[in-house]
Amino acid sequence: EINQSDISLVTVYSTYSSVNGIFIRPVNFRNYAFLADGANGMQIVDVTQVNLPDSVTSFDTDGSATDVTLAVINGKLYAFISDYGIGCVIVDVSDPGNPQFTALLSNSTQHVITSCVDANNKILYLGSDEGWINVIDISPLPSPPIQRLFFGTTNERINGLYLSDSSLYCAYGNT
């Protein structure tokens, strides 16, 4: 049983923007927070010492980052940044201090809100503001990914995606 008295705030880290998504991942014996930080793109923060977060670097996505997820594909660690006005920006973050642009998946008719990755099958799922899910083959990375399928689920914004076994769960609704 978890009691509220067992939970405490350890520290606060401010980007002075609008953090919309976070993904924590260990890389080379350090823990990093990858932040989808609105107009600031992706921020990378060393959180190895949780009470002393330390800014490492940032990556400008040229739009408004709404979500970020990470996965190892073909031996490299990639960040998949959902960027509302741009699409999905794929960045090699194998070296968190030196993120490298890899690819841009853009669609002028859809605004990407969220994503999830099936690393085993090398599939990227993108959820849009317009209620569409894009299914993308990321097995060619670092070469350009391949659009495989897109389908509409609803006319409402897709706010979150989660993959479990062979089921893709979709959280949607306009706010």
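A disulfide here is a pair of cysteine sulfur atoms within 2.5 Å. By that test the structure holds 0 disulfides. This is a predicted model: local features need pLDDT of at least 70, side-chain atom pairs count only at pLDDT 80 or more, and totals for chains, interfaces and linings use all residues. Residues are numbered from 1 along each chain as its sequence is written, and side-chain values use heavy atoms, with hydrogens and water left out.

**Stop 1: the cysteines**

Select Cys-88. Cys-88 is in no disulfide; the nearest cysteine sulfur belongs to Cys-116, 11 Å away. Now select Cys-116. Cys-116 is in no disulfide either; for this residue the nearest cysteine sulfur is that of Cys-170, at 9.7 Å. Are these two side by side with solvent, buried or exposed? Cys-88 is buried, with a relative accessible area of 0%. Cys-116 counts as buried at 8%.

Strands (E, at least two residues) and helices (H or I, at least four) are DSSP runs, numbered from the N terminus. Select E2, residues 30-36. Of its 7 residues, 5 are buried, so E2 is largely enclosed by the rest of the structure. Two strands pair if DSSP finds at least two bridges between them. E1 and E2 pair in the antiparallel sense over 7 bridges. E2 and E3 (residues 42-46) are also antiparallel, with 5 bridges.

Then look at the turns. The E1-E2 hairpin has 2 residues between the strands, and Asn-28 there takes a positive phi near 50 degrees. The E2-E3 hairpin has 5 residues between its strands, with Gly-38 in the turn at a positive phi of about 50 degrees.

**Stop 2: Thr-15**

Go to the segment before E1 (21-27), where Thr-15 sits. Thr-15 counts as buried at 15% relative accessibility. Which residues does Thr-15 contact, leaving aside its neighbours within four places in sequence? They are Leu-35, Asp-37, Asn-40 and Gln-43; contact means heavy atoms within 4.5 Å. The side chains of Thr-15 and Asp-37 make a polar contact at 2.7 Å. Such a contact is a pair of N or O atoms within 3.5 Å; within protein, one must be able to donate a hydrogen and the other to accept it, and residues adjacent in sequence count only if both atoms are side-chain atoms.

**Stop 3: the cores**

A nonpolar core is a set of buried Ala, Val, Leu, Ile, Met, Phe, Trp, Tyr and Cys residues joined through side-chain atoms within 4.5 Å. The largest has 16 residues; Phe-34, Met-42, Val-68, Ile-81 and Val-93 touch the most other members. E2, E3, E5 (65-73), E6 (76-83) and E7 (87-92) each give two or more residues to this core. A second, separate core of 15 residues includes Ile-73, Phe-80, Cys-88 and Ile-90.

**Stop 4: an aromatic pair**

Rings of Phe, Tyr and Trp (its six-membered ring) pair if their centres lie within 6.5 Å; planes under 30 degrees apart are stacked, over 60 edge-to-face, and the rest tilted. The structure holds 3 such pairs. One of them is Tyr-78 with Phe-80, tilted, at 6.4 Å centre to centre and 50 degrees between the planes. Both residues are buried.

**Stop 5**

Select Asn-74, in the loop between E5 and E6. Its phi is near 50 degrees, a positive value in a residue other than glycine. Asn-74 is partly exposed, at 38%.

Asp-165 lies between E13 (158-164) and E14 (167-172). Its phi is near 55 degrees, and at 77% Asp-165 counts as exposed.

End at Pro-142, in the loop between E11 (132-137) and E12 (146-152). The peptide bond from Leu-141 to Pro-142 is cis, with omega near 10 degrees.

Note on methods. Buried means under 20% relative accessible area, exposed over 50%, partly exposed in between (1.4 Å probe, protein chains only).
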